Structures are given as structure tokens and as C-alpha cells.
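Welcome, and please take a moment to look over the chain below. A short tour of its parts follows.

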Amino acid sequence: MRLILALLMLLPMPAFAADYVNVRYGYAIEVPDGFVAQGESDNGDGQMFKTPTAKLTVFGGNVMETDFESEVMARERLAEQDGWGITYNVSTPDKASYSGKRGGRILYARMIALCGGTQFAAFEFEYSKVDLQKFDPVVTQLVRSLRMTDGSANCTPRG
């Protein structure tokens, strides 16, 4: 067991610069080093971060479908309409992921339910297939780090 832990410690882990925190929807995510912020969106729902070969879009929103899982399915359909061939998806009542390919690009999306299921936080990470090994650990850390904070400024529970 100690040998495995020692070997794991030798693996290069991606460095993450700092948290991006969104007050409007009450979520945060760790942003990888080297990703340059493109500025908060006009409506305050999120931000885009870029490198020369990758794009990370982080955003929150209101669930417009009947529930969170239906919202995830609707967003997955939108990705398919944009030409992404979805190759992986998993969903629970409070978190979901899907991934797809388009040309030489990969899309990985993650969503978590917020505010009693009336809102969500999400990220979409798009990168080149050439960078698959480089960005696999980044995807893992992004999934782990997307989380709810103390609550959004406009959380209104259903009911």
C-alpha cells in the first residue's frame, strides 16, 4: 500500500491557480494554472477561461425544465445539435456529466444542482484530442472542485 501511495505522489498533478467564485448562483470551481480569464459574463452567471488549445466555460443558471435531470438531458441534446457526438453520460438527481467528440475536439460537461434543484452550476471543457493525456487529470480535478458555496443571491426554493 505504501508503495502505491509513493508512486501516486510521483505522478504529475495539474496545478490549479485559484477558485472562481460566482455569487449570483452560489458556486465555485478551481481554475487550472495557465487558463486566462476572459471576464465575467454580462449577466453575472459565469466566466470563460482559455489557453491556446483549450476553453473552460463555467456558468450557472435556472432549471427551466421540470427537474434537474431533465435540464441535463436538454443541455445534452443542445450539444448534439451543435454537432457533438455524445459518447458518455451519467446523471443522478443532483449531479451529471456527459462527454462527446466533434472532429478533433473533446467536450466534457459537468452539472450540479443548486438551490434545492431550482438552479445549477456547470462547466464545459473543450480541448483537442491531441491533449487527452494532458487534460485527463484536469477534468478529474474540475469535476472534484465544482461545488456549491453558501448560496446564491437569488435562490428561491420551489414550492
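Here is a briefing on the fold, a helix, some single residues and a pocket.

This is a predicted model, in which local features need pLDDT of at least 70, side-chain atom pairs count only at pLDDT 80 or more, and totals for chains, interfaces and linings use all residues. Residues are numbered from 1 along each chain as its sequence is written, and side-chain values use heavy atoms, with hydrogens and water left out. The chain comes to 3 helices and 10 strands; these are DSSP runs numbered from the N terminus, with at least four residues for helices (H or I) and at least two for strands (E).

**The chain as a whole**
- Reading from the N terminus, the elements run α-β-β-β-β-β-α-β-β-β-β-α-β.
- Of the 159 residues, 43% count as buried (buried means under 20% relative accessible area, exposed over 50%, partly exposed in between, with a 1.4 Å probe and protein chains only).
- Taking contacts (heavy atoms within 4.5 Å) between residues at least 6 apart in sequence, 47% join residues at least 24 apart.

**The sheet**
- An open sheet is formed by 7 strands in the order S3-S4-S5-S9-S8-S7-S6, with antiparallel pairing (two strands pair if DSSP finds at least two bridges between them).
- Strand S3 (36-40) and strand S6 (85-91) each have a single partner strand, so one side of each is left without a neighbour in the sheet.
- On average, neighbouring strands of this sheet are turned by 15 degrees against each other, direction ignored (axes are lines fitted to C-alpha atoms, for helices over the stretch in contact, and angles run from 0 to 180 degrees between N-to-C directions).
- Strand S5 (residues 54-62) and strand S9 (residues 119-128) run antiparallel and are joined by 9 bridges; here phenylalanine 59 stands opposite alanine 122 in S9.
- S3 is joined to strand S4 (residues 46-50) by 3 bridges, and glutamate 40 stands opposite glutamine 47 in S4.
- S3 and S4 form a hairpin with 5 residues between them, and glycine 44 in the turn has a positive phi of about 75 degrees.

**Helix H3**
- H3 (residues 132-145) lies across S5, strand S8 (105-114) and S9, and runs at about 170 degrees to S9.
- With 14 residues, H3 reaches 20 Å from its first C-alpha to its last, close to the 20 Å expected at 1.5 Å a residue (the expected span is 1.5 Å times one less than the number of residues).
- Buried residues in H3 include Phe135, Val138, Leu142 and Ser145.

**Two loop residues**
- Cysteine 115 is found in the loop between S8 and S9, is buried at a relative accessible area of 9%, and has a positive phi of about 55 degrees although it is not a glycine.
- Valine 130, in the loop between S9 and H3, counts as exposed at 77% relative accessibility.
- Valine 130 and glycine 104 are 26 residues apart in sequence and 7.8 Å apart in space, C-alpha to C-alpha.

**The largest pocket**
- The largest pocket has a volume of about 180 Å³.
- Its lining includes Lys55, Arg75, Asp82, Trp84, Tyr98 and Glu124.
- S5, helix H2 (68-81) and S9 each supply at least two lining residues, and the largest share, 3 residues, comes from H2.
- On a 1 Å grid over the protein atoms alone, a pocket is an open set of points with protein on both sides within 12 Å along at least five of seven lines, and lining residues have an atom within 4 Å of a point.
- Grid points are joined across faces, edges and corners, and a volume is the space filled by probe spheres set on the points.

Conventions
On a 1 Å grid over the protein atoms alone, a cavity is a set of points where a 1.4 Å probe fits but cannot get out, and a pocket is an open set with protein on both sides within 12 Å along at least five of seven lines; lining residues have an atom within 4 Å of a point.
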